[in-house]
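Hi,

Here is the structure I promised to pass on to you. Have a look at it first, and then read my notes below.

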Amino acid sequence: MVLCPVLGKLLQKRVVLASASPRRREILSNAGLRFEVVPSRFKEKLDKASFPTPYAYAVETARQKALEVANRMHQKDLRTPDVVIGADTIVTVSGLILEKPVDKQDAYRMLSRLNGKEHSVCTGVAIVHCSSKEGQLDTEVSEFYEETTVKFSDLSEELLWEYIHSGEPMDKAGGYGIQALGGMLVEYIQGDFLNVVGFPLNHFCKKLVELYYPPRREDLRRARQDSIPPVDSFENLSDVEAGHSEPAHGEAGRGWDGPGAGGDQQAGSAPKADGYRTAEPPPFPADLLELIDGFKASKALFTACKLKLFDVLKDEVPQKAVDIASKVDASVCGTERLLDVCATLGLLEKSDRGYRNTESSNLYLVSDGEHSLHDFIMYNDQHTWNLFTHLESAVREGTNQGHGALGRKAQDLFQDGPLQSKEDQLRCVGATHGLAKLTARPAATAFDLSRFSSACDLGGCTGALARELAREYPRLQVTVFDLPDVIEHVSRFQRDGPETARVRFLAGDFFRDSLPRAELYVLSGVLHGWPDDRVHALLRRVSDGAGPGAGLLLVEAVPDAEDREARPGLARCLDALLRPRGRERSLAQYRRLLEQHGFGDVQVAPAGHGLAALLGTRVAP
Ligand SMILES: Cc1cn([C@@H]2O[C@H](COP(=O)(O)OP(=O)(O)OP(=O)(O)O)[C@@H](O)[C@H]2O)c(=O)[nH]c1=O
């Protein structure tokens with residue numbers, strides 16, 4: 001029985017596996033393929049340095065292995081095979097290609113390099129379709145590669161030698177066999193297991209589908225227009241429904257021993273259940289597909305930031321993938337793919353000379369830049385990403401009570417208590433700083449605050465807003481009041497400027513410690529993070545400390561109808577559902593809060609990016 005129908009396409013053909021590897025033979029025969037084995041005599045001695053990437057080397061070696069067998073069989077047998085399959089597996093670590101060890105010392109060197117680290121296993125595969133014309137061999141090669149990441153545990157010398165003495169490493173790329181004793185060395189893998197063992201069966205089947213069931217021309221045309229990759233599933237295919245029996249060769253649709261493949265399917269004219277006739281296909285859902293792919297784009301950005309790709313590329317000089325890969329300690333083929341994705345997303349510029357940052361990436365994505373959003377991105381990767389995996393239960397239960405839909409886990413993510421580690425704290429402070437830099441200026445200039453000579457920014461973090469206030473109002477002295485855990489990290493984010501001298505930092509808890517005296521209190525992005533009882537407690541304290549005529553400036557995201565149509569508003573709307581302790585409030589609710597606590601004459605102004613500013617004046621009690 002053949003689970004993958006496309007393998008049935010090969011049943012009528014003379015298929016040859018050009019490999020001596022017992023693993024490849026086993027994988028393919030377990031899948032139900034019938035084939036002969038003719039090991040290749042091609043010497044694996046291509047000059048590795050002449051290939052732009054390790055996978056290009058593996059693919060070319062696979063191609064040469066298969067072609068050598070095809071040529072030899074054609075000359076000797078006079079009965080040319082229909083299909084010859086060649087493969088080559090290599091291991092790459094820190095830009096170095098490892099093949100099979102030549103002796104035990106070599107195996108030791110390889111395994112020591114892999115010890116405790118991640119590496120890539122890449123298998124190149126070539127599928128050679130052969131035909132004979134007037135005694136001449138004609139070949140058409142299709143090739144691909146698959147990459148899997150493997151992580152080794154920290155292994156002792158003793159264990160490494162014990163493994164080497166078992167004899168297992170000697171005929172295996174990288175000096176180990178994941179399918180046997182070597183499995184014990186491996187902490188985790190990402191990707192196709194069989195690819196590590198020596199043959200990427202899943203990708204092979206997909207490739208056969210591509211060859212034997214090519215997409216209809218109209219789909220190809222549309223896909224090209226919309227730059228959406230074709231769907232690559234090999235399920236639900238049968239000879240009858242596909243109507244093709246031979247592989248297609250690119251646009252030309254050339255076949256080997258039958259009519260050319262790749263032609264259009266017969267377009268029926270009967271209306272289908274969805275109301276469209278097959279001859280008049282519905283509009284291509286490009287926007288929808290872009291939306292479906294949205295999370296991949298975010299994750300690509302997160303990964304590039306995590307690897308600090310943008311730091312490596314902050315100089316103007318373009319760099320090649322291979323150099324970047326070694327600087328970020330990642331596989332060349334993986335890095336190259338990620339770089340290409342970043343270029344497609346407009347985060348990098350790609351030219352013949354290599355890759356380099358765009359202006360905007362230099363500004364926002366380099367980790368130590370003044371306007372860096374690196375910490376904010378990392379925060380999203382580590383916390384928000386996880387949080388959003390709970391969206392379905394939050395929506396089902398419709399609660400943001402913390403112990404409701406999300407349980408303790410989500411509470412931990414938004415840290416009700418003290419932040420867990422210094423590193424976490426620093427990241428949170430950096431994330432807040434990056435965001436505050438974006439919103440500080442419009443918030444500081446939403447109203448004329450020149451009548452105040454002192455201000456206190458409660459929960460003002462690194463002082464991004466405080467500095468903008470001090471810059472805008474030359475006689476204003478600003479105190480930033482925040483938790484000791486936050487103030488501790490503030491110096492990391494300070495830049496020199498004439499306003500610096502008028503900004504001071506004070507550590508304290510605004511729910512417990514006495515608040516500094518000031519003519520203007522500022523609460524920017526604070527209240528939405530607290531439930532009503534805490535908000536009232538805080539506003540009562542501010543109100544008690546404020547003399548008549550003192551101001552209270554609130555800056556908050558306000559979910560009014562207009563805002564919800566904008567994307568940031570949408571995201572915040574979902575955030576609010578997921579946050580365990582905070583609360584979304586309308587403009588009217590914030591206004592009422594101010595008035596309830598003795599701040600009258602409330603003015604409202606937009607503060608940019610979906611934020612609103614409210615300024616109330618303390619009336620005499
Ligand atoms: C990482 C790993 C590799 N291998 C074997 O390593 C050989 C690679 O060498 P190759 O040059 O690609 O193939 P070959 O064995 O020389 O055969 P050939 O195709 O004739 O060149 C293949 O055997 C693979 O299974 C395993 O069995 N398990 C593993 O975890």
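In the hairpin of β5 and β6, two residues sit between the strands, and Glu 134 takes a positive phi near 50°. This is a predicted model, in which local features need pLDDT of at least 70 and side-chain atom pairs count only at pLDDT 80 or more, while totals for chains, interfaces and linings use all residues. Residues are numbered from 1 along each chain as its sequence is written, and side-chain values use heavy atoms, with hydrogens and water left out.

Strands β5 (residues 118-133) and β6 (residues 136-152) run antiparallel and are joined by 16 bridges. Which strand does β6 join through four bridges? That is β7 (residues 186-190), which runs antiparallel to β6, and there Tyr 188 stands opposite Lys 151.

Next, look at the open sheet of seven strands, with mixed pairing and the order β12-β11-β10-β13-β14-β16-β15. β12 (503-507) and β15 (599-606) are at the edges with a single partner strand each, so one side of each has no neighbour in the sheet. On average, neighbouring strands here are turned by 20° against each other, direction ignored. Inside this sheet, β10 (residues 454-458) and β11 (residues 477-482) pair in the parallel sense over five bridges, with Phe 481 in β11 as the bridge partner of Leu 458.

Now for two helices. α12 (residues 321-328) and α13 (residues 332-344) pack at about 110°, with axes 9 Å apart (axes are lines fitted to C-alpha atoms, for helices over the stretch in contact, and angles run from 0 to 180 degrees between N-to-C directions). So α12 is roughly perpendicular to α13 (the word covers 65 to 115 degrees; under 35 is roughly parallel, over 145 roughly antiparallel and the rest oblique). Residues of α12, including Ile 324 and Val 328, meet Val 332, Thr 335, Glu 336 and Leu 339 in α13 (contact means heavy atoms within 4.5 Å).

Enjoy exploring!

Technical notes. Pairing = 2+ DSSP bridges.
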